[in-house]
Amino acid sequence: MSRTLFRRWRERGGRAVHLVLPFDDVMEFALALLSVSPIELEALGWTFADRKRLLDHFLAAGKSGQGTPPDALPGLPIEIAIPQRDVDRLQRFARRELPKAASNAAMLDRVLRALDAASHRRRT
């Protein structure tokens, strides 16, 4: 890989990992991201652009649910492709802020398990 291609790849966040979560978990996670105040964003070391980029991952994944009957949506498995850099950020967010916004402890467990698995895949 040439130097410029490698640099562009790193700027995009590196290798993409794929998370599979139920539609309801994806939507609740996205709502939790939206609820983060500017002060909490600063504490996470994020900018508004960082949050928008993360929300864009969830929006792109949520579009796969279009055309699905509403009663089948809650448990529909949704695959989210996220650059490794963003998986690390989402993992920190899920540990620090998501417990404050999550209405379902099982959702929190599923999200943390998926993010931990994605984070560990990088090292093996």
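Which residues in α2 meet which residues in α4? Phe-23, Val-26, Met-27, Phe-29, Ala-30, Leu-33 and Leu-34 in α2 meet Arg-51, Leu-54, Leu-55, Phe-58 and Gly-62 in α4, contact being defined as heavy atoms within 4.5 Å. By class, this contact has ten nonpolar, one polar and one charged residues; Ala, Val, Leu, Ile, Met, Phe, Trp, Tyr, Cys and Pro count as nonpolar, Asp, Glu, Lys and Arg as charged, and the others, Gly among them, as polar.

The model is predicted: local features need pLDDT of at least 70 and side-chain atom pairs pLDDT 80 or more, while totals for chains, interfaces and linings use all residues. Residues are numbered from 1 along each chain as its sequence is written, and side-chain values use heavy atoms, with hydrogens and water left out.

The helices concerned are listed below, as DSSP runs (H or I, at least four residues) numbered from the N terminus.

| Helix | Residues |
|---|---|
| α2 | 23-34 |
| α4 | 48-62 |
| α5 | 84-96 |

The axes of α2 and α4 come within 10 Å and cross at roughly 160°. α2 is therefore roughly antiparallel to α4 (angles over 145 degrees).

Arg-89, found in helix α5, is buried, with a relative accessible area of 18% (buried means under 20%, with a 1.4 Å probe and protein chains only). Leaving aside residues up to four places away in sequence, Arg-89 touches Trp-46, Asp-50 and Arg-53.

Overall, the chain has seven helices and two strands, in the order α-β-α-α-α-β-α-α-α. Of its 124 residues, 40% count as buried.

Terms used: Axes are lines fitted to C-alpha atoms, for helices over the stretch in contact, and angles run from 0 to 180 degrees between N-to-C directions. Angles under 35 degrees count as roughly parallel, over 145 as roughly antiparallel, 65 to 115 as roughly perpendicular and the rest as oblique. Buried means under 20% relative accessible area, exposed over 50%, partly exposed in between (1.4 Å probe, protein chains only).
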